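Hello,

Here is the structure I said I would pass on to you. Please have a look at it first, and then read on for what turned up.

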Amino acid sequence: MKPIFNISALLFIIILASCSKEPAITNGLLDGDVIFDPSINNPEGYYISAKYPNPTQADLDKHIIIAIHGYTATTFEWQEFVDWTDDTYGDTGTYRVSQILMGAHGRTYEAFKASKWQDWAESAKVEYQKLVDLGYTKISLVGSSTGATVCLEMMHSGFFNSTVAPQNIFIVDGIIVSSNKTQSIANIVGPMLVYVEADQPAEQDSFWYRFRPQETVRELNKMMKEGQKELENGITAPSGTRVKVFHSVNDPTASSASAVLLYKGLQHSDGSTIDVEMMESDIHVFTRLALRKYEGLSVTQKNIDNQLSAFQQMAEQLN
Amino acid sequence: MNKYATALGLVLGTFLVKSQDLDLGIRIQKTHSMYWENGITAQYTLAKFKPDNFYVGFSYVTSRIGTAAGTNALKQDSYIANVGWNFGKKVKPFRVHARLNFGYFHAEEVVDIFKDVPNTAFLFSPEFGLKYTFQKLPITLNLASGYYLFTGDGGESPGTLQPLYYHLDITYQIFKNN
């Protein structure tokens, strides 16, 4: 009996020690109390509703695209699209980008840890409704990774039933099933792990949370699971909304099977299939190329072409 | 239809091997955070090698008679061969067992635009379970759990192939050689 008692005691101590561990958060991390997403203190620089609180008719004639980033990310994820839009069209373009920050993101580890996936999705819904209330009639959405899952949730939850339907929903590397094979067991081993540290270079620490509380991984799984189930039952996009999916064929984070599930489970209101384009790419969120070199990746001409193609295709629809 | 014929052929092919006992039945399987995939299973012991402990078998599970039945879930099939060991020297109604599974996974491609999406994989998993054989009826219940290893990570592995699974086999002893 003695050896069994000793082993049991050892296991108990290991579990207890695991449950009490905290991540080493420094001031140089987004997770800390010093660095925040800039949209928090400067919403006018990111949210169209804040930038134009009293829009003129000329403002209201613009097509607004709400850009939603992914899990642990920030407004940085869609900054290149904003910059490309400014460089390409300046003030004469037909559309403007509203870069939203998902709830509990871009703040602190503790804020993130306490959040639910519904909190993450809330920002997009609030901005969408604000734009409608201001009088905008041409609104589209683009979501990357979990931002795409938010777009899907807005469709299957009936959010658009009581408001103006979006003209377009663009899904970039949307996550319905994960490429990470251990993510599915997060609700089993999560409490022992407490958090997962992202394998990201230091240069990205200002723009993505480095430490992912196990609670948030479970929330992500819940959100993905709900999206998966709704797709199995069938989701119809709002009347008049066109859906286009872009997905990296060898996405290391959001399995490209997600695009297949979206194709099978989501249809336009007229019964037609959604548009899906598989990108010859092995990076997650192929529309973001900034800071990739620090991940040990060489940004190839193909990567650049993929990004440009997506930007151009979206811009062409935002008229 | 060819894959079904192959699966059935492999199961029926067990009759060609001189077996001690042959159990044939159904499998009800759930992958953690993924699909129900159900099917058939055949397990047999070999007369000339540890017939009270060692066994081999074959199973076929599919989402077609699971989550994919009547839904938009992906249709996918797994063909699995296994070697197993029933622990304990004596044959008892209740036994603990372990297996090593080797197999092949295939998910539907759906349409040509997805031709480059990973949809096949070789399978390998250790598995542990409990089985109970009824005394008066030649029926065995086997409740087990396994974890697929080397399914590949990143973007090279089928997304709907997830590692942790549980299954319940209900088998009937077709014959028993004493």
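Chain B and chain A bury about 2,500 Å² between them, and 58% of that area is on carbon and sulfur atoms. Please keep in mind that this is a predicted model. Interface size is often quoted in this way, as the accessible area lost when the parts come together. On the chain B side 34 residues take part in the contact, and on the chain A side 31 residues do. The count of salt bridges between the two chains is one. Lys264(A) and Glu108(B) form a salt bridge, with 2.6 Å between the closest N and O atoms.

Salt bridges elsewhere

Over all chains, the whole structure has 18 salt bridges. Let me take you through some of them.

One joins the side chains of Asp59(A) and Arg96(A), at 3.0 Å from N to O. Asp59(A) sits in helix α4 (residues 57–60) of chain A and Arg96(A) in strand β2 (residues 95–100) of chain A, so this pair ties together parts that are 37 residues apart in sequence. Asp59(A) counts as buried, because its relative accessibility is 10%. Arg96(A) counts as buried at 19%, and the cut-off is under 20%.

Helix α4 of chain A also holds Gln57(A). Gln57(A) is exposed, with a relative accessible area of 53%. Between Gln57(A) and Gly135(A) there are 78 residues in sequence, and 9.1 Å in space from C-alpha to C-alpha.

A salt bridge also forms between Glu153(A) and Lys125(A), whose closest N and O atoms are 2.9 Å apart. This pair links distant parts of the chain, 28 residues apart: Glu153(A) is in helix α8 of chain A, and Lys125(A) is in helix α7 (residues 117–134) of chain A. Are these two residues, Glu153(A) and Lys125(A), buried or exposed? Both are buried.

In another salt bridge, the side chains of Lys244(A) and Glu277(A) meet at 2.9 Å, N to O. Here strand β8 (residues 242–248) of chain A contains Lys244(A) and strand β10 (residues 275–279) of chain A contains Glu277(A), so the pair ties together parts that are 33 residues apart in sequence. Lys244(A) is buried, with a relative accessible area of 10%, whereas Glu277(A) is partly exposed, at 23%.

In chain B, have a look at Arg27(B), Arg99(B), Glu127(B) and Asp169(B), which are linked in a network of salt bridges.

Two enclosed helices

Helix α8 (residues 146–156) of chain A is largely enclosed by the rest of the structure, because eleven of its eleven residues are buried. Among the buried residues of α8(A) are Val150(A), Cys151(A), Leu152(A), Met154(A) and Met155(A), as well as Glu153(A) from the salt bridge with Lys125(A).

The buried residues of α11(A) include Val260(A), Leu261(A), Leu262(A) and Tyr263(A).

The largest pocket has a volume of about 1,100 Å³. Its lining is made up of 40 residues, and the closest to the centre are Ala198(A), Asp199(A), Arg212(A), Pro252(A) and Thr253(A). Which elements give two or more residues to the lining of the largest pocket? They are α9 (186–193), β5 (195–197) and α10 (214–233) of chain A. The largest share of this lining, four residues, comes from α9(A). By class, the lining of the largest pocket divides into 16 nonpolar, 15 polar and nine charged residues.

The second largest pocket has a volume of about 570 Å³. It is lined by 31 residues, of which Asp21(B), Asp23(B), Thr133(B), Thr140(B) and Gln173(B) are the closest to its centre. At least two lining residues each come from β1 (19–31), β2 (36–46), β5 (94–107), β6 (120–133), β7 (139–147) and β8 (164–176) of chain B. The classes in the lining of the second largest pocket are ten nonpolar, twelve polar and nine charged residues.

Notes: Residues numbered from 1 in each chain as written. Chains lettered and ligands numbered in written order. Predicted model: local features only at pLDDT ≥ 70, side-chain atom pairs only at ≥ 80, totals over all residues. Heavy atoms only, no water. 1 Å grid on protein atoms, 1.4 Å probe; cavity = no way out; pocket = protein on both sides within 12 Å on 5 of 7 lines; lining within 4 Å. Points joined across faces, edges and corners; volume = space filled by probe spheres on them. Nonpolar A, V, L, I, M, F, W, Y, C, P; charged D, E, K, R; others polar. Buried < 20%, exposed > 50% of the residue type's maximum accessible area, 1.4 Å probe, protein only. Contact = heavy atoms within 4.5 Å. Buried area = accessible area lost by both parts, 1.4 Å probe. Salt bridge = Lys/Arg side-chain N within 4 Å of Asp/Glu carboxyl O.
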